[in-house]
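Here are some friendly notes to read beside the model. Please have the coordinates open as you go through the points.

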Amino acid sequence: MTISIRSVEKTFGRYPALNSVSLEIADGELLALLGPSGSGKTTLLRVIAGLEFPDNGQVLYGDQDMTYAGAAERRVGFVFQQYALFRHMTVAKNVAFGLDVRKGAAKPSKSEITQRVDELLRLVELGELGKRYPAQLSGGQRQRVALARALAVNPSVLLLDEPFGALDATVRKSLRKELRRIHDATGVTTIFVTHDQEEALELADRVAILNQGVIEQVGTPQEIHDNPVGAFVAGFVGESNRLEGEVKAGRFRIGDLQFDASGAVDGPAVAYVRPHELVLSQGGGEGTFGLVANHIAPQGAVARIDGTTAGGLRLEAAFARQAVADLRPGARLDLSVGRAYVFPA
Amino acid sequence: MNRLRHPTEDPPWAKALILVIVGAFLASVLILPMVSVFFEALRKGLPAALEAIGTEDARAAIKLTLITAAISVPFNIVFGVCASWAIAKFEFPGKAFLITLIDLPFSVSPVVAGLIYVLVFGAQGWFGPWLIDHDIKIIFAVPGIVLATIFVTFPFVARELIPLMQEQGVDEEEAAVSMGASGLRTFWSVTAPNIRWGLLYGVLLCNARAMGEFGAVSVVSGHIRGLTNTMPLHVEILYNEYDFVGAFAVAALLCFLAVVTLVLKTVLEIAQPPSRPGRH
């Protein structure tokens, strides 16, 4: 199901949670809403689910206006942050709930429901635990139950609010892969909210970055990471050195550092330089500067270097391990800036 | 010295001392008076005690007490569930005030509660003349007793449910709604099962208090034998008439009802299903 959000606005008291947000989610897509806390990402998810109605704007499912339709009419599967499993029902009853509450002809027969529940519990690999109560499950298992319950109604869209937030790191990693697998197996349009950029970039087909109730950028993980459209996205996604300086005649300058900033207007500016965009420079030409390594930390194939320039700027750089194999703390590297994102301050 | 004792564990003599203090206190303040009630009731033998309970006035008092409880407890359930639902699941101005208001009957003397009703519904009260004109009797009649009992027992169910519902939040209800359950279905399938144990405790406590209330009921009752006497009032009358066996026999019956209530509560606590760990 294609979901279109058109100029949606939502205010809580005086505080604007969503400020004219528009977004198209393609059928079968896996989209992440990424942003810091208070950015409005959960509100947007709840507006899509029908748990919250917008003050202005439209929410379309396909070409049907669902802005003020109840959650039931939209047929959404919602996974809550704390799972919100029914604590007095068994796992099987939890999963069956969405089918049990249907009325009349829409309600499947008992055996159909049982069959569907079995099928879903197998999909989330909880086949044996149907008779347990939520309190008897681990966090990861509860998450899987919540997922199975949301999928039971054959939702037109699957919505997840910080789905892995309450889990420890190892479980989180494996459940991420699980969600991707389930998404690919069912083909259901999926939107999830997260504040964890690694999660968003790894899992999603496309990522929408929210900040203060506004969508800053929507794109594939690669676009978001490599071509941030604004200072917020450049600073929020991926690691970067943030430099406050000045643009003059197409070059960004700060202290003893200067590099190409063609296209940027003259005046005060902020530059974001990813650690791996600080490159070793043999030539010693314009833009080359010295960095004294203070600390060297190996990290997989990469060595991360924490250093200081002659002008006292602290920078973080990342190189292939073998390129700096002989480097010791206190040594000096000649570097230049490969690529920087420069925005007016 | 026991070297295996846990570092934060109290030494045996301290444990013993604390237990003795608690035990002595319970025995002298709670158990001894309870035992004496039954002892006094049976002083002239079981037949005399049963006879005292079996008199017409005593039977009328028991009936009125049961009627009063039967009316005020359901009222309390409805009010308690509504109030705690509103407080736990909605945001509205004056919420803190409402919570304080619910506690009012705990802090106001029951006698004052009774007087309030006399002031409002009594012959000289605000609605007195109107009520007399329409031949409606509230004060010195059963409605007054029920009203006073409702006032006094007002907080029990709500007090039990508010913290429970606040802790549970609205997540499960939202989940139910998101899966297409109607409001009523959500209440019956999700909310009600989650609060049933708390509700039951509240009802039991409320019932115990409704049967035992003296002060507020005393003010509005008028002490008309066979008509507006509840069990606690009947105990007082008999006692003042030096009918000690009668007084203690009815008192023993009240005590017995209270003990049954508490035993029921304990049994229910033990019988809680494994799906609901924690709580109480």
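1. Chain B and chain A bury about 2000 Å² between them, with 62% of it on carbon and sulfur atoms. Buried area here is the accessible area (1.4 Å probe) that two parts lose on being put together, summed over both. In contacts, meaning heavy atoms within 4.5 Å, 22 residues of chain B meet 23 residues of chain A.

2. A word on conventions: this is a predicted model, where local features need pLDDT of at least 70 and side-chain atom pairs count only at pLDDT 80 or more, while totals for chains, interfaces and linings use all residues. Residues are numbered from 1 along each chain as its sequence is written, chains are lettered from A and ligands numbered from 1 in the order in which they are written, and side-chain values use heavy atoms, with hydrogens and water left out.

3. How many salt bridges are there between chain B and chain A? The count is 2, taking a salt bridge as a side-chain nitrogen of Lys or Arg within 4 Å of a carboxyl oxygen of Asp or Glu. B:Glu174 forms a salt bridge with A:Arg46, and the closest N and O atoms are 2.5 Å apart. On the chain B side that touches chain A, helix H10 (171-178) and helix H11 (183-212) each supply at least two residues. H10(B) gives the most, with 7 residues. Helices are DSSP runs (H or I, at least four residues) and strands likewise (E, at least two), numbered from the N terminus.

4. Have a look at B:Glu172, also in helix H10 of chain B. B:Glu172 is buried, at a relative accessible area of 5%; buried means under 20%, exposed over 50%, and partly exposed in between (1.4 Å probe, protein chains only). Leaving out residues up to four places away in sequence, B:Glu172 touches A:Ala84, A:Leu85, A:Phe86, A:Arg87, B:Val190 and B:Asn194.

5. Two loop residues of chain A deserve a glance at their backbone. Most residues other than glycine have a negative phi. A:Gln212, in the loop between strand S9 (206-211) and strand S10 (214-219) of chain A, has a positive phi near 50°. A:Gln212 is exposed, with a relative accessible area of 63%. A:Ala249 also has a positive phi, near 50°, and sits in the loop between strand S11 (241-248) and strand S12 (251-254) of chain A. At 70% relative accessibility, A:Ala249 counts as exposed.
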